[in-house]
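These are my notebook entries on a single model.

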Amino acid sequence: MKTVVVTGASAGIGLATADRFARSGWQVAIIAREPTRLDEARAMLEQHGGRVLAIPADVADPKAVDEAADKVVAEFGAIDAWINNAMSTVVARAHDITPDEYARVTATTYLSQVYGTLAALRHMRTRDQGAIIQVSSGLAIRAAPLQAAYCGAKAAVGGFTDSLRSELISDKSKITLSVVYLPGVNTPQTSWTRTHTGREQIIPDPLFDPRLCAEAIWTAARDPQREFWVGRSTLMMALGQSVAPGFSDREAAGMLDKQQGDPMPDRIGNLDEAVPGPAQIDGDGKDRVKEAAASSLRAVSAIC
């Protein structure tokens with residue numbers, strides 16, 4: 001029986017991904033900070049009848065990530081796939097984000113993927129097999145306003161992964177590295193993000209179902225490729241940045257207002273500490289999710 005580890009797995013894309021693997025008979029280890037929500041997620045996944053290990057940990061702590069990996073191997077015997085999904089962000093203009101906030105977003109969104117990858121490799125190298133999947137974003141290629149910390153961290157993931165991949169190729173290793181680039185997704189993330197804009201955060205259209213993203217990640221584990229691109233909007237962002245970066249800059253500038261909704265007080269959010277909330281996959285934008293995404297769940301290879 002195969003084993004997968006998913007970070008940031010108590011809600012949103014992480015929970016959808018863990019659910020996809022659990023439904024397919026994998027043993028699933030989930031890692032997240034908030035113990036109550038994590039336990040609720042574990043109970044949800046156990047309904048599929050498989051074994052689930054819930055590990056409360058901050059993935060920005062390399063020691064905690066290493067200990068989590070060791071616990072998974074001790075419990076399940078091996079790690080066949082490791083999904084680096086955890087993230088955080090601050091929604092604000094670049095000059096309104098503090099150095100400490102930049103450091104924290106970098107730690108949870110970029111360095112957590114480094115730590116998770118190294119922890120997975122330490123165990124996978126003994127068998128020379130396994131799949132490591134980095135969950136990234138179209139914003140890693142074409143950055144957006146109000147997301148400087150997040151975009152910078154996601155861009156760093158690509159550089160780290162490409163460098164490591166070339167080393168694995170040189171070693172003739174059978175361990176695979178894939179990056180999954182995602183579009184805007186309807187998750188609960190917008191309800192606990194730190195903000196400094198005085199307005200609620202809105203993810204502009206098109207908005208996609210987290211389960212579509214989970215299907216792409218599932219495909220990356222079973223049929224590894226270098227990159228997976230989910231949603232036409234992700235591909236268009238990358239294409240625009242490559243062909244006409246200046247035009248893309250001006251188009252991105254128009255996203256500033258589209259990301260801001262009704263007035264609300266600035267929110268501390270979950271940047272430094274987890275906040276309570278239910279283990280749920282979807283955010284509050286279900287009415288905006290592209291209907292085409294539902295049918296695409298059965299044919300994710302067509303958009304990757």
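What volume does the second largest pocket have? I worked on a predicted model, and I found a volume of about 300 Å³ for the second largest pocket.

Entry on the lining. I looked up the residues around this pocket and found that 18 residues line it. Those nearest its centre are Thr190, Gln201, Ile202, Asp284 and Gly285. Sorted by class, the lining comprises six nonpolar, seven polar and five charged residues.

Entry on α1 and α2. I next examined helix α1, residues 12-23, against helix α2, residues 35-46. Their axes come within 9 Å and cross at roughly 30 degrees. Angles under 35 degrees count as roughly parallel, and α1 and α2 are therefore roughly parallel to each other. I noted the crossing of α1 and α2 as right-handed. On the α1 side the contact involves Leu15, Ala18, Asp19 and Ala22, and on the α2 side Ala41, Met44 and Leu45. I recorded six nonpolar residues, no polar ones and one charged one in this contact.

Entry on α1 and α6. How closely do the axes of α1 and α6 approach, and at what angle do they cross? For helix α6, residues 210-222, I found that its axis and that of α1 come within 8 Å and cross at roughly 55 degrees. That angle makes α1 oblique to α6. The crossing of α1 with α6 is right-handed. From α1, Gly12, Ile13, Ala16, Thr17, Arg20 and Phe21 take part; they meet α6 residues including Pro210, Cys213, Ile217 and Trp218. I listed the residues of the α1 contact with α6 as nine nonpolar, two polar and three charged.

Key. Residues numbered from 1 in each chain as written. Predicted model: local features only at pLDDT ≥ 70, side-chain atom pairs only at ≥ 80, totals over all residues. Heavy atoms only, no water. Axes fitted to C-alpha atoms, helices over the stretch in contact; angles between N-to-C directions. Helix = DSSP H or I, 4+ residues; strand = E, 2+ residues; numbered from the N terminus. Parallel < 35°, antiparallel > 145°, perpendicular 65-115°, else oblique. Left-handed = near helix turned anticlockwise from the far one by under 90°. Contact = heavy atoms within 4.5 Å. Nonpolar A, V, L, I, M, F, W, Y, C, P; charged D, E, K, R; others polar. 1 Å grid on protein atoms, 1.4 Å probe; cavity = no way out; pocket = protein on both sides within 12 Å on 5 of 7 lines; lining within 4 Å. Points joined across faces, edges and corners; volume = space filled by probe spheres on them.
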